[in-house]
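Keep the viewer open as you read.

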Amino acid sequence: MGLEPQEDIDDGTTTYDYDLIVIGGGSGGLAASKEAADLGASVALFDYVKPSPHGSTWGLGGTCVNVGCIPKKLMHQAAIIGEFVQDASSFGWDVPEVHHHWNTLVSNAQDYIRGLNYSYRVSLMSKHVTYYNQLAFVKDAHTVEGTDVFGDKHIYTCRRMIIAVGGRPNKLGCPGEELAISSDDLFMLDHPPKKTLLVGASFIALECAGFLHHLGFDVTVMVRSILLRGFDQECANKIGDFMKSQGVHFLSSMVPSSLERLPSGRIRVKYQGSGLTGEEEFDTVVSCVGRYADTERLGLDALGVKTRRGKIMSVNEQTSVANIYAIGDVLYGKQELTPVAIQAGRLLARRLFGGSSVQMNYENVPMTVFTPLEYGTCGLTEETALERLGEENVEVYVSAFTPLEWQLSPHRAKDVCFAKLITRREDGLILGFHILSPNAGEITQGFGLAFQTGAKYQNFMDMVGIHPTIAEEFTTLSVTKRSGASAKKGGC
């Protein structure tokens with residue numbers, strides 16, 4: 001169901017309250033609204049957080065700021081600090097017995113997030129963007145009905161509209177599903193989660209499982225099929241193996257069949273798969289089985305806005321209604337990544353109000369999964385490269401290594417960090433970049449530029465590495481999978 005670009009024509013005679021209404025105050029909506037205002041447009045932004053089934057709610061800034069990237073990275077950092085404490089004695093430090101306090105972490109993280117919420121409101125005011133804390137409903141292509149916190153309804157008109165409402169977590173789909181929380185609740189949980197089951201194998205599930213385990217909790221991940229669907233499977237499986245070696249439990253090829261609250265307050269989870277059944281008690285169950293676009297009650301279907309599985313079909317962020325646009329997680333077939341939404345929002349605003357013609361490039365977007373063994377990736381997976389080009393046309397360079405900063409610590413695993421370059425065999429063009437290591441995000445951000453400039457394998461080899469660093473590994477990769485030689489690296 002493809003769409004064709006449409007001409008967004010203004011009749012020149014109709015007066016509207018605003019040049020642009022943006023529905024959704026997450027990263028993309030904020031970026032688009034402020035950019036449009038900077039370009040002289042009169043802009044209103046609508047944001048209303050519907051509480052989660054467990055009553056969690058938050059302020060301006062969307063999923064990333066409130067219940068996504070920001071609290072996740074802070075908790076991941078808390079886990080890293082715990083690992084550093086274990087390393088300390090090997091580096092000559094006397095370390096007393098230490099304990100982690102969940103409520104302190106949550107409280108400090110939430111204080112920081114509330115500061116961000118406030119700063120976003122201030123920035124909207126400084127940009128002269130009108131902010132409405134109202135639940136928006138699209139009555140027609142130029143009219144939005146907003147319902148405020150008192151239930152009163154208000155009507156606003158606009159020349160153009162951007163939908164940027166993001167998504168919310170799916171439920172488990174089994175009896176007792178209401179007993180499971182989601183990541184929307186986990187990051188502000190007012191008590192330690194204790195023994196925790198995470199249902200799902202997405203990056204959200206594995207990231208949460210990773211930091212919870214390193215904060216001292218008993219953690220189990222229930223996996224229906226494969227880890228990190230859509231990511232390089234060699235890397236995904238290495239992450240799973242690493243987490244298992246650290247003590248995270250995995251229930252493979254299983255799905256929950258029911259959840260039941262016991263008199264003790266714990267949750268009995270019954271599960272099944274591959275002809276087997278089982279049950280176990282947990283203190284906390286977290287649903288990590290994907291997210292859906294929060295578009296169902298916006299009124300878009302009645303306007304003829306085409307969707308697929310709830311996500312909005314688009315071409316260059318334009319929907320099937322010429323003056324209605326969409327950005328971020330609501331778009332079908334696009335990455336659900338905060339920087340993607342921000343970049344798309346800014347570029348769209350510049351095209352609509354600044355005379356620009358620059359389109360969003362959704363190809364080769366770098367990203368990182370903040371699992372205990374961080375995973376940075378850009379470009380194609382090995383599976384996709386082989387499917388598109390054929391095995392005879394692909395060369396894969398690999399290295400398994402131990403970073404210098406782990407060498408003095410007996411508890412650190414050896415040769416679990418992993419570097420992979422996927423290249424086009426005829427000319428060495430880099431097709432895929434993958435790294436499993438500490439600080440993978442920082443490494444991937446830098447090498448992501450190589451994809452935008454068409455770098456080749458020889459460019460990597462010609463670059464002088466910074467010694468001794470992890471990123472240096474990509475300047476010395478020489479072992480190919482085709483050769484059959486060991487990928488394990490010796491020395492420095």
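## A residue to start from

Thr147 is buried, since its relative accessible area of 18% falls under the 20% cut-off for that class. Please keep in mind that this is a predicted model. You will find Thr147 in strand S5, which covers residues 143-147. The Thr147 side chain makes a polar contact with the side chain of Lys153, at 3.2 Å. Which residues does Thr147 touch, once its neighbours within four places in sequence are left aside? They are Gln134, Leu135, Asp152 and Lys153, so Lys153 turns up both in this list and as the polar partner, with burial of Thr147 at 18% relative accessible area as the setting.

## An open sheet of three strands

Next, look at the open sheet with the strand order S12-S13-S14, where the pairing is antiparallel. Strand S12 (255-261) and strand S14 (276-282) stand at the edges with a single partner strand each, so one side of each has no neighbour in the sheet. From one strand to the next, the twist averages 20°. Within this sheet, Val255 stands opposite Gln272 in S13.

## Strand S21 and its partners

Is strand S21 (residues 375-379) largely enclosed or left open by the rest of the structure? Four of its five residues are buried, so S21 is largely enclosed. A hairpin of five linking residues leads from S20 to S21, and in this pair Thr368 has Gly376 of S21 as its bridge partner.

In general, strands of a sheet pair through backbone hydrogen bonds, either parallel or antiparallel.

| Strand pair | Sense | Bridges |
|---|---|---|
| S12 and S13 (residues 267-273) | antiparallel | six bridges |
| S20 (residues 367-369) and S21 | antiparallel | three bridges |
| S21 and S24 (residues 430-436) | antiparallel | five bridges |

## The whole chain

Stepping back, the secondary structure of the protein chain comes to 12 helices and 24 strands. A compact globule of 492 residues would have a radius of gyration near 23 Å, and the 24 Å of this chain agrees with that. Along its principal axes, the C-alpha trace spans about 75 × 65 × 50 Å.

Buried residues make up 52% of the 492 residues. Of the contacts between residues at least 6 apart in sequence, 65% join residues at least 24 apart. The accessible surface comes to about 22800 Å², and 51% of it belongs to carbon and sulfur atoms.

Key. Residues numbered from 1 in each chain as written. Predicted model: local features only at pLDDT ≥ 70, side-chain atom pairs only at ≥ 80, totals over all residues. Heavy atoms only, no water. Pairing = 2+ DSSP bridges. Helix = DSSP H or I, 4+ residues; strand = E, 2+ residues; numbered from the N terminus. Axes fitted to C-alpha atoms, helices over the stretch in contact; angles between N-to-C directions. Buried < 20%, exposed > 50% of the residue type's maximum accessible area, 1.4 Å probe, protein only. Polar contact = N/O pair within 3.5 Å; in protein donor to acceptor, adjacent residues only side chain to side chain. Contact = heavy atoms within 4.5 Å. Rg over C-alpha atoms; globule rule 2.2 N^0.38 Å. Areas by Shrake-Rupley, 256 points an atom, 1.4 Å probe, with all protein chains shown as cover.
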